[in-house]
Amino acid sequence: MDTVARTKPVLWVPRHVLVTASAHAEPHGRAILDRLVAAGVEDVRVLTADRLPPLHGDDERATYARAKRTLAIVTSSPTKRRPTPIPPSADFSFPLAEGCPGHCQYCYLAGSLSGPPITRVYADLPRILAGLDEVVGRGGVTSGTEERGHEGTTFEASCYTDPLALEHVTGSLAATITHFGTHDWPGPVQLRLTTKYDDVEPLLDLPHGGRTRIRASVNVADVERFEGGTAKVPARLHALGRLARAGYPVGLTIAPIMPVEDWPARYAELLDAAAAELPADADLTVECITHRFTPKSKDVQLDWYPRTKLDLEESTRSRKHGKFGAVKYVYDRDTMRSLRGWFESAIAERLPAARYLYWT
């Protein structure tokens, strides 16, 4: 047995738990609470209302640290559980949770979630899942498209969280995979999620029916160093191989791509490592996402990680405007062209059976 296989999976357990009154009334909410107690969590507060108390430390960093150790069990509002278009990944996203226990210094959630980064998990999971049927066949990314129509209506579960990171204390991901695999849907569907964690053992024997694609978020060592509190990339790849051998469609989310020193050689090694872990007949996709940031996410990231070595220099980036005028900073055109050309060629060469989905 190799070293990766012997390594214990990375399991996150919060120190502090808040449970809203409505969440405690939900059977799934109480089941999550039972898991937390079994995991040894002692600081559990069941609230008499549904508003979470304010969380403040002595400074921004202290507030961040306590929030990252806190889990809140809540219920979803109608707007939160409504499936939302999420191109280019999938037709729709839906929430199993919001927030993540990882400490990624480039955190994609930094500019999109308000307040201290408490991880919130949803106790009304059956209600959330019951609302997905009504949008089957109505998406614009995979549903009815020539290139990806065979995927059916796709639902992304990791837009605002890492579901596998929380599975040890929620059971929500296993319940969702089972629902997708066994539910009588009005049309073809696929659940999608990406993760930086490796505790896949509880998922291997689920009745997934080939309707869940799990992707590993992977990167080279010079970028992985920004991903505190997560499983190491070799462990993620090993876990992905286990999932593929259990019949799951799988994927690589290479993100955030950065032109680090000697990047072609380093990313070539990463692709080769993935090829070595995956069975030759794996149903494999690849998605490529370059590093970008917004003015808001930059401010938040610098508050959370004031000594970060992450490149957040605006003067060396191209300034882009989103659909609603939001500003983001991406690599300049020449850098982007060089990266994209290399990755498209290298993926075709090193992972010839993979489907390359998109570059962004």
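Glu287 is buried, with a relative accessible area of 0%. Here buried means under 20% relative accessible area, exposed means over 50%, and partly exposed lies in between (1.4 Å probe, protein chains only). The model is predicted: local features need pLDDT of at least 70, side-chain atom pairs count only at pLDDT 80 or more, and totals for chains, interfaces and linings use all residues. Residues are numbered from 1 along each chain as its sequence is written, and side-chain values use heavy atoms, with hydrogens and water left out.

Glu287 takes part in two of the salt bridges described here. A salt bridge is a side-chain nitrogen of Lys or Arg within 4 Å of a carboxyl oxygen of Asp or Glu. By this rule the structure has 21 salt bridges. Glu287 meets Arg192 at 2.8 Å, N to O. Glu287 lies in strand β14 (residues 284–290) and Arg192 in strand β10, so this pair ties together parts that are 95 residues apart in sequence. Arg192 is also buried, at 0% relative accessibility. Helices (H or I, at least four residues) and strands (E, at least two) are DSSP runs, numbered from the N terminus.

Arg215 also forms a salt bridge with Glu287, with the closest N and O atoms 3.0 Å apart. Arg215 lies in strand β11 and Glu287 in strand β14, so the pair ties together parts that are 72 residues apart in sequence. Arg215 counts as buried at 3% relative accessibility. Glu151 is buried at 4% relative accessible area. Arg148 is buried at 7%.

Helix α8 (residues 172–182) is largely enclosed by the rest of the structure, because 8 of its 11 residues are buried. The buried residues are Ser172, Leu173, Ala174, Thr176, Ile177, His179, Phe180 and Gly181. Their cover includes α3 (27–38), α6 (125–130) and α7 (163–170). It also includes the strands β9 (153–156), β10 (189–195) and β11 (212–218).

Phe180 of helix α8 pairs with Phe94, which sits in the loop between β5 (90–93) and β6 (97–98), 86 residues apart in the chain. Aromatic rings of Phe, Tyr and Trp (its six-membered ring) pair if their centres lie within 6.5 Å; planes under 30 degrees apart count as stacked, over 60 as edge-to-face and the rest as tilted. Phe94 and Phe180 are both buried. Phe94 and Phe180 belong to one aromatic cluster with Phe92, Phe155 and Trp185. The whole structure holds 16 aromatic pairs. One of them, Tyr64 with Tyr305, is edge-to-face, at 5.5 Å centre to centre and 75° between the planes. Tyr64 lies in helix α4 (residues 60–68) and Tyr305 in the loop between α12 (295–304) and β15 (318–321), 241 residues apart. Tyr64 is buried at 2% relative accessibility. Tyr305 is buried at 9%. For Phe94 and Phe180, the ring centres are 6.2 Å apart and the planes lie at 20°, so that pair is stacked.

A nonpolar core is a set of buried Ala, Val, Leu, Ile, Met, Phe, Trp, Tyr and Cys residues joined through side-chain atoms within 4.5 Å. The largest such core has 81 residues, of which Phe94, Leu203, Leu252, Ile254 and Phe343 touch the most other members. Helix α10 (residues 233–245) gives the most to this core, with 6 residues. Another core, of 15 residues, lies apart from it and includes Leu36, Leu71, Val121 and Ala123.

Strand β1 (residues 16–19) is buried along both faces: His16 and Leu18 point one way, Val17 and Val19 the other. Two strands pair if DSSP finds at least two bridges between them. Strand β1 pairs in the parallel sense with β3 (residues 70–74) over 4 bridges. Val17 has Leu71 as its bridge partner there. Strand β1 also pairs in the parallel sense with β2 (residues 43–46), over 4 bridges. In β2, Val44 stands opposite Val17.

The structure holds 0 disulfides (cysteine sulfur atoms within 2.5 Å). For Cys100, the nearest cysteine sulfur is that of Cys104, 6.3 Å away. Cys100 is buried at 18% relative accessible area.

Definitions and conventions
Contact means heavy atoms within 4.5 Å.
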